[in-house]
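Q: Could you walk me through this model? I'd like to start with one spot in a loop and then zoom out.

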Amino acid sequence: MTHGSGDSRAGLTSGGNGSTPLILCEDLWKIYRVGDVEVRALQGVNLAIDRREFVAIMGTSGSGKSTLMNILGCLDQPTRGRYRLDGLDVATAKPDLLAELRNRRIGFVFQNFNLIPRTSALENAQLPLFYRGLPIREQRRQAAAALERVGLAGREQHYPTQLSGGQQQRVAIARALVGSPSILFADEPTGNLDTSSSREIMGILERLNCEDGITIILVTHESDIAAYASRELVMKDGQIVQDVQRMPHLSVTS
Ligand SMILES: Nc1ncnc2c1ncn2[C@@H]1O[C@H](COP(=O)(O)OP(=O)(O)OP(=O)(O)O)[C@@H](O)[C@H]1O
Ligand SMILES: [Mg+2]
């Protein structure tokens, strides 16, 4: 299945022509050494993901899902193999360029929200723009717009402890969105949420994918969450053992 063809909003570079996959992994290995113990967290992963795809990664605990996500999100490097992000060979890219990519093109959402405590929702959402050195007024304007986009208008001054889990995750999504990323990585974003909050979060991710063309790569243990995606990968022992395209929402009951 192909998705889009080089939409400049979705491509990492304005010159992206859409003919190369957004994500291309060739024989990726990640080997951790802890004392004498060697853990082969990834064992030869080959994977191509196009712009605007919505991919769910499933698999048992320890199968390598987070390891793969961290490499795809340029938070970590593989031990062996090649990873190209929009044609860029990440291993040989200059650190400045990678930092810029992470700040401007990639958004992350984690299971435990990772919000800064005793800091308002607005300030949490501002953070990527602060690192970009934007004027404070512009940071606030864009952060408020991102909070509104995830349904949190009116909660700008709330601290994380004054928000429900679902609301905290929405702040985390606003923070991931504020820099207009092309790709959103979400590692078990609903893992700490109840069913109705999970649905809200997945509804937001679905909209970001369908309406804004953001590529979404999501790790989950739950098949009803994976059902929002149009492609499902299953990992086992550091390898992708299943890769299925399907109509989204097949098993989602409303
Ligand atoms: N920093 C690290 N140092 C050593 N071993 C690690 C490290 N990170 C992960 N591992 C090991 O790599 C393997 C894959 O871990 P990973 O976190 O990718 O699994 P996962 O599929 O995300 O699991 P979960 O569903 O529990 O989050 C595991 O055996 C884990 O113990
Ligand atoms: Mg994990």
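Q: So where is Ala93 found?
A: Ala93 lies in the loop between β5 and α2 (95–105), where helices (H or I, at least four residues) and strands (E, at least two) are DSSP runs numbered from the N terminus. This is a predicted model, in which local features need pLDDT of at least 70 and side-chain atom pairs count only at pLDDT 80 or more, while totals for chains, interfaces and linings use all residues. Residues are numbered from 1 along each chain as its sequence is written, and chains are lettered from A and ligands numbered from 1 in the order in which they are written.

Q: How many other C-beta atoms are within 10 Å of Ala93?
A: There are 15, so Ala93 is partly exposed; a residue is buried with 20 or more other C-beta atoms within 10 Å of its own, exposed with 12 or fewer, and partly exposed in between, the C-beta atoms being placed from the backbone.

Q: And which residues does Ala93 touch?
A: Leaving aside residues up to four places away in sequence, Ala93 touches Leu88 and Leu98, a contact being two C-beta atoms, placed from the backbone, within 7 Å.

Q: What order do the strands take in the open sheet?
A: The 4 strands run β2-β1-β4-β5 with antiparallel pairing, and two strands pair if DSSP finds at least two bridges between them. β2 (37–49) and β5 (88–89) are the edge strands, each with a single partner, so one side of each has no neighbour in the sheet.

Q: How many bridges join β1 and β2?
A: Strand β1 (residues 23–34) pairs with β2 over 10 bridges, in the antiparallel sense, and Ile31 has Arg40 in β2 as its bridge partner.

Q: Switching to helix α6, which of its residues are buried?
A: Those are Ser198, Ile201, Met202, Leu205, Leu208 and Asn209. They cover an arc of only 115° around the axis, which puts them on the same side of α6; the arc is that of the directions from the helix axis to the C-beta atoms.

Q: What do they pack against?
A: The buried residues of α6 pack against β3 (54–59), α5 (165–177), β7 (183–187), β8 (215–219) and α7 (223–226), whereas the face turned away from that buried side carries the exposed residues Ser196, Gly203 and Cys210.

Q: Last one: what about the chain as a whole?
A: The protein chain has 7 helices and 10 strands, and 42% of its 254 residues count as buried.
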